[in-house]
Amino acid sequence: MAGLLAKRLLSAIPLLLFLSFFVYILVDLMPGDAAANLAGDNASAAEIAALREQLGLDRPLLVRYAEWLGRIVTGDFGTSLYSSQSVAQILADRLPVTLSLTVVTMVIVVLLGLPIGIIAAMRANSLLDRALTAVSAVAMAVPPFIIGLVLVIALAISAPVFPATGYSPLADGFGGWIEHLILPALAIAAISTAEVARQTRAAMVDTLGKDFIRTARAKGLRTRQIVGKHTLKVAGVPIATVLGLQVSRVLAGAVTVEFVFALPGFGTLAVNSVFSRDVPVILGIVMVMAVAIVLINVMVDIAYGYFNPRVRA
């Protein structure tokens with residue numbers, strides 16, 4: 001098992017290098033000029049050129065990328081072009097918001113998606129199963145920011161149950177923290193819950209048709225024992241896979257949903273940084289997200305070892 005994890009971590013290094021270089025090129029090809037934005041509308045061409053030289057933007061792309069990569073290895077993400085603040089500090093200030101939103105969203109996904117999938121599988125091809133499948137299909141078709149706007153209108157404006165915007169740190173109290181996260185978390189969780197429910201149902205239906213399940217039923221085991229002790233463990237590999245994929249989807253959905261709900265997390269920071277061409281901040285966000293996804297995949301591999309002992313070898 002340790003050897004498998006080591007291979008996964010080593011194989012992630014080339015992926016992270018390729019991703020960082022690809023994003024660096026995309027950011028460099030973006031329309032606009034960071035130096036011109038910083039200099040202001042009334043700046044002359046000479047002033048803009050001097051600022052570009054000062055920021056190092058006049059040097060070749062590969063040189064700038066190599067210098068940035070060398071700093072990243074030492075943990076130095078650089079300095080924001082606009083606030084002159086350390087990118088690492090900016091990310092550290094925004095991380096609790098996005099992390100909180102991700103955790104609350106995944107809790108909702110697990111608490112709703114798994115039971116819905118299990119119930120649908122236990123009553124496969126019934127009216128309830130078809131209804132749950134239809135609702136899941138609809139939920140997967142609606143973008144998170146649309147769901148977020150509907151939730152704001154329904155539960156923040158028409159019926160002021162939850163706040164529409166803003167964020168309250170957990171240190172200031174659990175109540176305010178969860179109230180500000182419920183609506184954005186529900187907006188992101190809708191698609192992921194539907195996907196988890198569909199995949200759980202499919203895995204459960206396939207497992208329930210196995211011979212050893214029929215044997216367990218013939219022995220007189222109760223349904224709860226069959227589902228909890230046998231079926232879920234066998235179906236655990238595809239379920240763990242889809243849950244790991246949903247964390248990546250949640251992180252991606254945070255970009256738009258945080259902007260809709262004015263949450264000061266990575267999503268809002270990413271949108272503002274792209275508009276202002278704050279290259280160090282954009283690259284810092286991408287690398288942190290990429291490392292997070294790699295770690296999530298490693299956790300999924302660990303789950304594989306639990307559900308399938310043959311993987312541990």
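**Notebook: cores, rings and a helix pair**

I started at V104 and set aside its neighbours within four places in sequence; V104 is then in contact with W177, I178, L181 and A185. I am working on a predicted model.

Next I asked which core V104 belongs to. V104 is among the residues with the most contacts inside the largest nonpolar core, along with L101 and F261. I noted 32 residues for that core. Then I looked up the helices behind it. At least two residues each come from α5 (87-122), α7 (144-158), α8 (174-208) and α11 (236-260). Which helix gives the most to this core? I found α8, with 11 residues.

**Aromatic pairs**

I turned to the rings. The count comes to six aromatic pairs. I looked at Y24 and Y65, which pair edge-to-face. The centres are 5.5 Å apart and the planes stand at 80°. Where does each partner sit in the chain? I placed Y24 in helix α1 (residues 2-29) and Y65 in helix α4 (residues 61-73). The two are 41 residues apart, and the pair links distant parts of the chain.

The cut-off I used for buried is under 20%.

Y65 has another partner, W68. I recorded this pair as tilted, 6.0 Å centre to centre, with 35° between the planes. Y65 and W68 are three residues apart in helix α4, so about one helical turn separates them. W68 is buried, at a relative accessible area of 3%. I then traced the ring pairs onward; they link F21, Y24, Y65 and W68 into a cluster.

**α6 against α8**

I went back to α8, this time for its packing with helix α6 (residues 127-141).

I listed the residues that make the contact. From α6 they are D129, T133, S136, A137, A139 and M140. From α8 they are A190, I191, A194, E195, A197, R198 and R201.

**Two single residues**

I checked K210. I found K210 in the loop between α8 and α9 (211-218). With a relative accessible area of 35%, K210 is partly exposed. I also looked up the spacing from K210 to T231. The two are 21 residues apart in sequence, and their C-alpha atoms are 9.4 Å apart in space.

My last entry is S273, in helix α12 (residues 266-276). Is S273 buried or exposed? I have S273 as buried, because its relative accessibility is 4%. What does S273 touch, not counting residues up to four places away in sequence? I wrote down D278, V281 and I282.

Terms used:
Residues are numbered from 1 along each chain as its sequence is written. This is a predicted model: local features need pLDDT of at least 70, side-chain atom pairs count only at pLDDT 80 or more; totals for chains, interfaces and linings use all residues. Side-chain values use heavy atoms; hydrogens and water are left out. A nonpolar core is a set of buried Ala, Val, Leu, Ile, Met, Phe, Trp, Tyr and Cys residues joined through side-chain atoms within 4.5 Å. Buried means under 20% relative accessible area, exposed over 50%, partly exposed in between (1.4 Å probe, protein chains only). Helices (H or I, at least four residues) and strands (E, at least two) are DSSP runs, numbered from the N terminus. Contact means heavy atoms within 4.5 Å. Rings of Phe, Tyr and Trp (its six-membered ring) pair if their centres lie within 6.5 Å; planes under 30 degrees apart count as stacked, over 60 as edge-to-face and the rest as tilted. Axes are lines fitted to C-alpha atoms, for helices over the stretch in contact, and angles run from 0 to 180 degrees between N-to-C directions.
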